[in-house]
2 protein chains.
Amino acid sequence: MKWLKGETTEILRALNKDVRMIQKDNQQIEEQVRQIIQQVIQNGDQALKVYSKKFDQVELQNLSLSQETITLGYQRVEKEVIAALEAAKENIISYHQKQKQYDFMDTEKSGVLRGQLVLPLARVGVYVPGGTAAYPSSVLMNVLPAKIAGVKEIIMVTPPSKEGVPDVILAAAKIAGVDKIFQIGGAQSIAALAYGTETIPKVDKIVGPGNIYVATAKKQVFGTVGIDMIAGPSEIGIIADETANPIYIAADLLSQAEHDTLARAILVTNSVALAEQVEIEMDRQLETLPRKEIAEQSIKNNGLIIVASTISAMFTIMNEIAPEHLEVQLEDPISYLHEIKNAGSIFLGEYASEPVGDYFSGTNHVLPTSGTAKFYSPLSVYDFVKYSQVTYYTKDALAEAKEAIALLARKEGLEAHARAVECRFE
Amino acid sequence: MKWLKGETTEILRALNKDVRMIQKDNQQIEEQVRQIIQQVIQNGDQALKVYSKKFDQVELQNLSLSQETITLGYQRVEKEVIAALEAAKENIISYHQKQKQYDFMDTEKSGVLRGQLVLPLARVGVYVPGGTAAYPSSVLMNVLPAKIAGVKEIIMVTPPSKEGVPDVILAAAKIAGVDKIFQIGGAQSIAALAYGTETIPKVDKIVGPGNIYVATAKKQVFGTVGIDMIAGPSEIGIIADETANPIYIAADLLSQAEHDTLARAILVTNSVALAEQVEIEMDRQLETLPRKEIAEQSIKNNGLIIVASTISAMFTIMNEIAPEHLEVQLEDPISYLHEIKNAGSIFLGEYASEPVGDYFSGTNHVLPTSGTAKFYSPLSVYDFVKYSQVTYYTKDALAEAKEAIALLARKEGLEAHARAVECRFE
C-alpha cells in the first residue's frame with residue numbers, strides 16, 4: 001500500500017493531486033449513447049428489441065416479465081435468503097421512515113398564508129445491472145425509500161440474458177414491492193424510461209447503478225427526468241489509533257477492495273505500528289479470498305495509508321477525502337462525531353463493520369463516491385419527493401406589500417410585474 | 001393565443017406533443033464549453049482574463065471586487081430600494097427557516113444506534129447574470145437559503161462590464177451576506193468555481209441562472225461539484241372559472257410573458273366566456289407595456305388557452321403541464337390544494353398575484369421549469385445541506401445480525417464482506 005506521511009498541509013496537497021478525480025468525458029461513448037437515445041425516441045419498443053439482440057444476444061418476445069415468472073423466481077430462492085432479505089427490509093423501512101417530512105404552514109403575518117407541500121413523485125424507474133453485478137440488496141435500497149415516499153408506481157429494468165433474470169433479483173423485487181419489471185438494459189433502457197415507449201411508461205426519475213453506458217445515458221437524459229447521482233467506484237476510509245484491532249481494519253479495507261480494482265481503501269492513523277500490522281494482516285487475509293486478484297489490484301493501485309500526528313489532523317484529512325464509507329475506530333468514537341464534515345455513511349466503533357450497512361442495519365448503501373460526499377447525500381426518501389410552495393394573500397395584505405413589489409419590479413425593468421399587482425387596486 | 005378544447009384525453013395527447021420539450025444538445029456549444037473548462041483547469045486566472053477580454057471586452061486587473069467597491073455601490077442605491085430589499089430578505093428568511101432540518105437518532109433495537117446528521121455545504125458559488133438580466137431579487141433568493149443552511153462561505157461571480165457591476169446587484173449581495181464577489185462570467189466562471197484557480201476558490205456547489213454557455217458548463221461540471229437545476233424559460237399556469245377577474249388574469253399572464261419570448265403563459269378554464277374576456281384584456285394591457293414586443297411574441301408563440309369541461313379535468317391537465325408558477329383563481333381556492341400534484345409555486349386566490357412571490361412573500365422564486373416540477377423542487381435550504389448516516393453496533397447486536405449479513409454477502413459473491421463481520425467473533 002502507498003504511504004503518505006508529513007505535515008497536514010503537505011498531505012492535503014498530495015491528496016488533492018492524487019485523489020481528485022477529474023471526470024473525463026468519453027466522447028465516443030457519448031455519441032453512441034446519443035444515437036441509442038434518438039433511436040428509442042423514434043422507434044420505441046422496436047429499437048429496444050434491436051438493441052437487446054445486438055448488445056445482449058437475446059431475441060425478446062416480451063419486454064415485460066409476468067407476475068408468474070416473478071413469483072416462480074421468488075419461490076426458487078432458499079428460505080434463509082428470503083428471511084434475511086425480509087429482515088433487512090424491516091430495518092431499511094424503520095430507518096427511512098424517520099426521513100418522512102410533513103407539509104408546513106406559516107401564518108406569521110396577518111392575511112398571509114405561506115406553506116410547503118411534500119408530494120411524492122408519481123413514477124420512478126430503477127435500473128438493476130445484470131450478471132455478476134446483480135445485487136438483491138441494491139434492489140431493496142433503491143426501491144424501499146421510494147415506497148416510503150409514497151411513489152405510486154415503481155418500474156424496474158434489468159438486462160435480458162439467456163438464463164433469465166436471476167431468481168434472487170426477482171425475489172428482492174417482489175419483497176421490495178416493485179410494480180413492473182422489464183427485461184431491458186443499457187442506455188436503451190434509460191432512454192425508454194426517460195421518454196416512454198409503447199410498452200414502457202415514461203417515469204419522473206431514474207435511480208440505480210449501471211455501467212458507463214447507463215451512467216452516460218442518465219447524464220444525457222438529466223433534465224428530461226430526474227436522476228440520482230452518478231456512482232463511482234466504492235470507497236472506505238478508516239480512522240484508527242493504536243487502540244484499534246488491525247485484524248478488523250484489514251478485513252474492512254478488503255471488503256471494499258474486493259468490489260472492484262478501482263475501489264479505494266484508505267487508512268488514516270496516528271500509529272505507524274498499527275499501520276504496519278494492518279498491512280501484514282491484509283497480506284495474510286488476502287491469501288484465501290476468492291476475489292483475491294481484484295482486491296490485490298485495488299489495494300496496490302488505490303490503497304493508501306496516511307499517517308497524521310494528531311487525531312484532529314486525522315479528521316481534517318478525512319474530511320478532505322470525503323469518503324463514501326467512514327469507519328471511526330477510536331476509543332469513545334461517538335465523541336468525535338462533531339469532527340466529521342464530509343462522509344456518506346459513518347460507522348462507529350469496532351463492531352460497526354461496514355458490511356453491516358451494506359446488508360442489514362437499514363441505513364442506505366447507495367452513497368456518494370469520489371469525494372462527492374462534500375455535496376451529495378445517501379439515497380433517501382428525500383430523493384423521491386418534491387416540494388411545492390403555497391402562497392395566499394388577502395387584499396389587505398397585498399395592499400401593504402404593493403409598493404415594495406412595484407418598486408423592485410420596476411427596478412428590474414419588469415413593468416408588467418408591477419402592474420399585475422397594482423391593477424388589483426384600480 | 002392558441003386554443004385547445006375537447007376531451008381531457010385528447011387535450012393531454014395534444015399537450016404531450018406540444019408542450020414536451022425534448023432537450024436538444026447543441027454539440028457546437030458543448031465542444032466550445034469543454035475547451036473553455038480545460039483552459040481554465042490548465043491556466044487558471046490567466047485563462048479567465050483572456051476570456052474576459054474575448055467575450056466581455058474587458059481587460060481585468062483584479063478578478064475580485066474590494067469591500068470598498070461593494071459598499072460604495074450599496075450606498076449609491078436609493079433608500080426605498082434598500083428598504084424593499086430588506087423587507088423581502090426578512091420574508092425570505094422567515095419562510096426558509098421552516099425548512100431547517102434536524103439530526104435524528106434511532107435507538108429502536110438493543111445495542112444499535114442509527115442516525116442522520118444534517119451538515120451544511122462548506123462553500124457555494126452563486127452565478128449572477130450580467131446586463132439586463134441582472135436581478136437583485138435573484139441574488140437574495142439564491143444566497144439566503146444557503147446562509148440559513150449554514151454554508152460558511154458564499155462566492156458570487158458575475159460578468160465584468162466597462163460600467164462595472166450594477167450598484168443594485170452589489171447592494172443585494174451585501175444585504176444577502178455574500179462573502180466574496182468575482183467579476184467573471186460565462187462558462188469560464190463555472191469552470192473556475194468547479195476546479196478553483198489561484199484567486200477563485202473551488203466550491204462544493206454552483207447555483208444561479210445563466211445563458212446557454214453557463215447552463216452547458218454547469219451540466220459538464222455536474223459530478224465534480226453539485227449544481228442546481230438547469231432553468232428553462234419562465235412559465236405560468238392559471239386555473240380559473242367564471243368567477244375570476246379577467247383583468248387580473250390577463251395582467252398575471254403578461255407578467256410572465258414579458259420575461260422572454262420563450263416564456264409560456266397558459267390559462268386552463270371551464271369558461272369560454274372568461275377566456276374570451278382574458279384575450280381582450282391582454283390585447284388592451286399589452287398596448288402600453290414597455291416590453292410589449294417580447295410579451296406579444298411570447299403570447300403568440302407559446303400562449304395557450306385550454307378549455308376543459310370540469311374543475312377536476314382542469315387540475316388533471318394542469319398536473320400534466322406541471323407549471324413553474326400555478327395560480328388557482330377559483331372560489332375557495334384552498335379547498336383544491338389536494339388536487340395539485342405538480343407545480344413549483346402555487347398562488348391561491350385573486351390577490352396572490354404571481355409577482356408577490358417573485359419579490360416579496362418570501363417563498364423562493366428559483367423554481368422548476370419546463371414540466372420538471374414533476375420531479376424537481378423550488379430552491380431551498382435542502383439544496384445547501386447534505387446528510388451523513390451514522391451507525392453504531394455493540395458486539396451483541398452484531399452477533400445477532402451476523403448470520404444474515406454473511407448469508408447475503410455470500411449470495412452476492414462477496415466473501416470478504418462476510419469475513420469482515422465473522423472475524424469479529426473468531
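1. Ser234(A) sits in the loop between strand 8 (226-227) and strand 9 (235-240) of chain A. The model is a predicted one. Ser234(A) counts as buried because its relative accessibility is 13%, and buried means under 20%.

2. What does Ser234(A) touch, leaving aside residues up to four places away in sequence? The list is Gln256(A), His259(A), Ala263(A), Arg264(A), Glu324(A) and His325(A). With Gln256(A) there is a polar contact, side chain to side chain, at 2.3 Å.

3. Ser234(A) also carries an annotation. The UniProt record, an unreviewed entry, gives the feature "binding site" at Ser234(A), Gln256(A), His259(A), His325(A), Asp358(A), Glu412(A) and His417(A). These positions span 184 residues of sequence. They are spread in space as well, with up to 56.3 Å between C-alpha atoms. Please keep the source of this annotation in mind: the entry is unreviewed.

4. Glu412(A) is another of the positions in that record. Its place is the loop between helix 14 (395-411) and helix 15 (415-422) of chain A. Is Glu412(A) buried or exposed? Glu412(A) counts as buried, because its relative accessibility is 8% and the cut-off is under 20%.

5. Glu412(A) touches residues of chain B. Leaving aside residues up to four places away in sequence, its contacts are Tyr135(B), Pro136(B), Ser137(B) and Tyr359(B).

6. Now the interface as a whole. In chain A, 123 residues are in contact with 123 residues of chain B. About 11400 Å² is buried between the two chains. Carbon and sulfur atoms give 59% of that area. On the chain A side, Tyr351(A), Gln389(A) and Arg424(A) lose the most area to chain B. Together they make up 8% of what that side buries.

7. One bridge pairs Ala240(B) with Thr269(B) of strand 10.

Notes. Residues numbered from 1 in each chain as written. Chains lettered and ligands numbered in written order. Predicted model: local features only at pLDDT ≥ 70, side-chain atom pairs only at ≥ 80, totals over all residues. Heavy atoms only, no water. Pairing = 2+ DSSP bridges. Helix = DSSP H or I, 4+ residues; strand = E, 2+ residues; numbered from the N terminus. UniProt positions renumbered as here; feature names shortened; annotations may be inferred. Buried < 20%, exposed > 50% of the residue type's maximum accessible area, 1.4 Å probe, protein only. Contact = heavy atoms within 4.5 Å. Polar contact = N/O pair within 3.5 Å; in protein donor to acceptor, adjacent residues only side chain to side chain. Buried area = accessible area lost by both parts, 1.4 Å probe.
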